[in-house]
Amino acid sequence: METTDRPQSHAGDGADEPAAPPMSEAWTALQGKGLDLDRLADALGGMDAKTLAAATKALERAGADVTGYRAPPPNGDYYDIEGLITEAQWKKMAEVREFMETEVEPVINEAWLGDRTPLDVLVPGFKKLDLLDVIYGEDLETREPNGSVMEGLITMEIARVDVSTATFFGVHSGLAMQSVLVCGSEEQKAEWLPKMRDWSVIGAFGLTEPHVGSAISGGVTTTARREGDAWVLNGEKKWIGNSTFADMVVIWARDEADNQVKGFIIRDPQDNPGYTVEKIRGKVALRAVENGQITLTDCEVPESDRLQKAESFKQVAEVLKLTRAGVAWQAVGCAMGAYEKSQRYATTRMQFGKPIASFQLIQEKLVHMLGNVTALQTMCLRLSQLQDAGQMSDAQASLAKVFTAARCRDVVALARDLHGGNGILLENHVARYFCDTEAIYSYEGTNEINSLIVGRAVTGLSAFV
Ligand SMILES: Cc1cc2nc3c(=O)[nH]c(=O)nc-3n(C[C@H](O)[C@H](O)[C@H](O)COP(=O)(O)OP(=O)(O)OC[C@H]3O[C@@H](n4cnc5c(N)ncnc54)[C@H](O)[C@@H]3O)c2cc1C
């Protein structure tokens, strides 16, 4: 289903662009506009080389294009993976792109510098876009037939402009909502999911601890003790995205009675006297995500807010598996954005009297970036198709996370380099992509831990300890 708005293919190599008219046609067209061409020819012919060069320079200074060079528009979807989605989904993607480019990009560098999530822009924006509509079925229990592909593409589109925003989206609609979906009772799902779907309640997900990161599957130290109809939680959580402002925080803690990890919803955490959170300062990546360090001191949670279907770490792993694909798509979007910014910069930045894109070494960098971007997109597309078919394994999700994060690092470093000194200025955006990629590389399982998951799957041998 195509509309006239939707590009058939946007290879962006200029191959489909109309050829320039022959000289005689152009001449006739100019005459048609009433220009006295004989006088113009006389004037040009009468100029010596020096006068001609000075006239060209004056035109250049006035912003005129004297080379006749028209750069193709940047296009980071070179194999047209967006061509695989339906018309309605494509329209949603176009709305996301417009929102990200016109409302988020103009404010994101200031928010990033200020260690602040621009909630005033993101919450109404996401609410209006109603993005979860194209991912989940009406009941929120099921997914649309290609909901995972759509979720991936939306994440890519968001991260193409800003990875912090993609993380805010992923923590809420991925980690927190999936915890309720996978582990909640029917009553819990009915209470939380509609409010989370329309962004009137924002969620966070607290698993990592100050002294236990990679080893968390067997090492949760936060404790939960049952006392009558309530639970009492004690411990600390570190790096918890959205936790400084969230309306509900999912906390994973070890039950003192049976030693199993269980999930607890802390509602209105700011009103719970046993819960305190401090914003983590001094990050050099994802600064527009607010990460908190949470302290739980005899924090009381009613039994009705214990996630009723979370019986062990197995359910946490299930949630993480679902969201790991989302982080791989963040890397895809970040690399895509960095490539597109670089193509635009290379075709407009002049050195030695030419756009730097005309130099062979610059073209090689652009091709290297685009090859990576395209490989990441096609890999993640297949991963999400497997997820939609209910066939995605842990190791397949981990392989995508490992590969995309590593290749994204490669792309953003080249983008930074291609922008020269301007590449370290936030205003050109690639410096932000460069820094943010470091967080992608380490969260949702570091490069090493995800490699070990794949390594175990392909060898049958565990090398974790
Ligand atoms: C920006 C950001 C946002 C985050 N958001 C959240 C969130 O919302 N909720 C949440 O719960 N957590 C969150 N995290 C935590 C994240 O998941 C952890 O940082 C991650 O799991 C790694 O743990 P760690 O930082 O403690 O590193 P460590 O586990 O201390 O690892 C340090 C290094 O040792 C390596 N290593 C560890 N074990 C092995 C091994 N067996 N073999 C080889 N190498 C090994 C690691 O790969 C790494 O290179 C976030 C982190 C960041 C940076």
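## Contacts and the nonpolar core

Two residues are in contact if their C-beta atoms, placed from the backbone, lie within 7 Å. The model examined here is predicted. With neighbours within four places in sequence set aside, A415 is in contact with A338, Y339, K341, S342, M369, V430 and Y433.

A415 also belongs to the largest nonpolar core, which has 116 residues. Alongside A415, the residues with the most contacts inside this core are F264, C334, A335, V411 and V412. Helix α10, residues 313-348, supplies the largest share of the core, 17 residues. At least three residues of the core come from each of domain 1 (204-313) and domain 2 (318-459). In soluble globular proteins, nonpolar side chains tend to be buried together.

## Strands β2, β3 and β7

Strand β3, residues 230-241, pairs with two strands described here, β2 and β7. Its pairing with β2 (residues 223-227) is antiparallel and runs over five bridges. Within this pair, A230 of β3 stands opposite E227. The two strands form a hairpin with two residues between them, and G228 in the turn has a positive phi of about 65°.

Strand β7, residues 291-302, also pairs with β3 in the antiparallel sense, over nine bridges. Here N291 in β7 is the bridge partner of G241.

## Helix α4

Helix α4 comprises 27 residues, 87-113. The distance from its first C-alpha to its last is 38 Å, close to the 39 Å expected at 1.5 Å a residue. The helix bends by about 50° at V104, and the proline P106 follows within four residues. After α4 comes D115, which has a positive phi near 60°.

Which residues of α4 are buried? They are Q89, W90, K92, V96, F99, M100, V104, I108, A111 and W112. The elements covering the buried residues of α4 include α5 (119-129), α6 (147-161), α7 (163-183) and α13 (430-442).

## D417 in helix α12

D417 is found in helix α12, which spans residues 394-418.

D417 and V430 are 13 residues apart along the chain, and their C-alpha atoms are separated by 9.4 Å. V430 is also one of the residues in contact with A415.

How values were computed:
Residues are numbered from 1 along each chain as its sequence is written. This is a predicted model: local features need pLDDT of at least 70, side-chain atom pairs count only at pLDDT 80 or more; totals for chains, interfaces and linings use all residues. A nonpolar core is a set of buried Ala, Val, Leu, Ile, Met, Phe, Trp, Tyr and Cys residues joined through C-beta atoms within 7 Å. A residue is buried if 20 or more other C-beta atoms lie within 10 Å of its own, exposed if 12 or fewer, and partly exposed in between; C-beta atoms are placed from the backbone. Domain bounds come from an automatic or database domain assignment. Two strands pair if DSSP finds at least two bridges between them. The expected span of a helix is 1.5 Å times one less than its number of residues. The bend at a residue is the angle between axes fitted to the seven residues ending there and the seven starting there.
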